[in-house]
Amino acid sequence: MARIKLLLPALALLLSGCSRIWVPEKIENRIGEAVTRSVLAQMPAHADPAWQQYLEDMGRKIAAVSERPAYHYRYYIVESSTVNAFAVPDGSIFVTTGLLKMIGQDQLALAGVLAHETGHIARRHGAETLQSELGFGLLSTIIFGFGNSAAKQAGNMTSQIMGLGYGREMELEADVCAVRYLARLGYPPDSSLKFLRSILPLEKDQHDITIEKYLRSHPPTTERIQYVEAYIRRYLVKP
Ligand SMILES: [Zn+2]
C-alpha cells in the first residue's frame, strides 16, 4: 500500500511531464486507415497528376518542418463541389476539388490550408480526440485487439472529422502551427491568413452552401484571423 501511495504522485508527475496523449501510434494509425477508407468510399479520389504532384511537393516541405516530420503523410484530392479540407490520424490529408477550384493558382492560400491540416496530424489531434471521446472503450480496443468496436469508432470518427472538425482549441492550435511551419519555410508570417481572409466574405453569405461544412467544422473565421494575428504580433514580428 505504501508503495502504491508513493507510486501515484510519481505517475502523475510522469504523465504531466510527458505528452498529453497516451494512445499508441499503432492504434491511431489503424483507426485512421479505416477512416481514410471510409472517406474514399464517400468521396471518390480525383485523378489529376499535375495537381497531385503540386500538393505532394508542398505538403512534404511543410511536413518536414513540423513536429512530426517522419510520419507517413499522404495527400488526396477528392471529388466534391463543396470547399473542404481535413486531416485523418493515419497521416492522410484530403482537399476537395471544390477547394482547389476556389483557391485557383494561389500558392500561399493552398500552403495555408495544407499547413493547418499538417498541424492536426503533427500535434496528434486525432489521437487526442479518440482518447477524450472514447476513454475506456478505446483502452479495451488497445488491450483486446481491433474488433468490431474499433470499426464502429472509425465510422463515428469519419463523420466527426468531415463534419465537425477537431473542436475549437485544436483548430486554433492547428492555425498557429500553420503560421510556424510557413515561417520556417521562409514565407511571410501572415501567409496562413491568405486562405482565411478569402473565405471571410463566404462566411457572411448565409446562402453559400458550398463552404458550409468547412465553416461548421472550424471556429468563426473572424476569431481565427484575430487569434493568428495576435500570435504573429506576439511571437514573430520583432518590435
Ligand atoms: Zn482544422
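E1 and E3 run parallel and are joined by five bridges; strands here are DSSP runs of E with at least two residues, numbered from the N terminus, and helices are runs of H or I with at least four. Two strands count as paired if DSSP finds at least two bridges between them. Within this pair, Val78 stands opposite Thr96 in E3.

The model is predicted: local features need pLDDT of at least 70, side-chain atom pairs count only at pLDDT 80 or more, and totals for chains, interfaces and linings use all residues. Residues are numbered from 1 along each chain as its sequence is written.

On E2, the pairing with strand E3 (residues 92–96) is antiparallel, over four bridges. Phe86 faces Phe94 in E3, and Val88 faces Ser92. Three residues separate E2 and E3 in a hairpin, and Gly91 in the turn has a positive phi of about 100 degrees.

Together the three strands make an open, mixed sheet in the order E1-E3-E2. Strand E1 (74–78) and strand E2 (85–88) are the edges, each pairing on one side only. From one strand to the next the twist averages 20 degrees.

Helix H3 (residues 49–64) lies across E1 and E3, at about 145 degrees to E1. Helix H5 (residues 107–122) packs on the sheet, touching E2 and E3, and its direction makes about 25 degrees with that of E2. Contact means C-beta atoms, placed from the backbone, within 7 Å; angles run from 0 to 180 degrees between N-to-C directions of lines fitted to C-alpha atoms, for helices over the stretch in contact.

E3 is largely enclosed by the rest of the structure because five of its five residues are buried (20 or more other C-beta atoms, placed from the backbone, within 10 Å of a residue's own). Ser92, Phe94 and Thr96 point one way from E3, and Ile93 and Val95 the other.

Methods
Contact = placed C-beta atoms within 7 Å. Buried ≥ 20, exposed ≤ 12 C-beta atoms within 10 Å, placed from the backbone.
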